[in-house]
Amino acid sequence: MSLEEKINADLKTAMLAKEEATVRALRAVKSALLLAKTSGGGTVTADDEIKMLQKLVKQRKESVDIYKTQNREDLAKTEIEEIAVIEKYLPAQLSEEQVRAELNEIIASTGAKGPSDLGKVMGAASKKFAGRADNKLVSQLVKDLLSGQ
């Protein structure tokens, strides 16, 4: 079952169950899928779907930060609910310890020595973690590991 079919089926179920947060989030995903299909020539790969879902989650996390700084907990709550729904369709995220262990392997294999090798390590890391780790976390860990050596 493709992501689009799964979203449509889950959207129908959520509408029947009157789950507003789920319906809102799934409509956003469906809209983004449709937009990607029409602008991308009609086909969307699994990697494109993961990137799109990650983008939707990232946008909502940024909104949550803004709402919290403005003391708008009501708006932050709706974004957090949508994040929880969208993350169900993403691959399982690696823990910080797992990311750190794999980064140590990448650093060893690329021969990175210091902060000047950040780009080389990030290039390999972004390919290896594709969708399984937050790039912000990966970037911070790479900086920490390279400066600590």
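User: What should I know about the numbering and the model first?

Analyst: Residues are numbered from 1 along each chain as its sequence is written. In this predicted model, local features need pLDDT of at least 70 and side-chain atom pairs count only at pLDDT 80 or more, while totals for chains, interfaces and linings use all residues; side-chain values use heavy atoms, leaving out hydrogens and water.

User: Which residues have the most contacts inside the largest nonpolar core?

Analyst: In soluble globular proteins, nonpolar side chains tend to be buried together. A nonpolar core is a set of buried Ala, Val, Leu, Ile, Met, Phe, Trp, Tyr and Cys residues joined through side-chain atoms within 4.5 Å, where buried means under 20% relative accessible area (1.4 Å probe, protein chains only). Here the largest has 21 residues, and Leu3, Ile7, Val29, Met52, Leu53, Ile86 and Tyr89 have the most contacts inside it.

User: And where is the largest pocket's centre, by its closest residues?

Analyst: Rolling a probe the size of a water molecule over the atoms shows where empty space is left. A pocket is an open set of points on a 1 Å grid over the protein atoms alone, where a 1.4 Å probe fits, with protein on both sides within 12 Å along at least five of seven lines; lining residues have an atom within 4 Å of a point. The largest pocket holds about 720 Å³, the space filled by probe spheres set on the points, which are joined across faces, edges and corners. Gln54, Lys58, Ala133, Asp134 and Asn135 are the closest to its centre, out of 21 lining residues.

User: What is the volume of the second largest pocket?

Analyst: About 190 Å³. Its lining includes Ala32, Val44 and Gln59.

Conventions: Buried means under 20% relative accessible area, exposed over 50%, partly exposed in between (1.4 Å probe, protein chains only).
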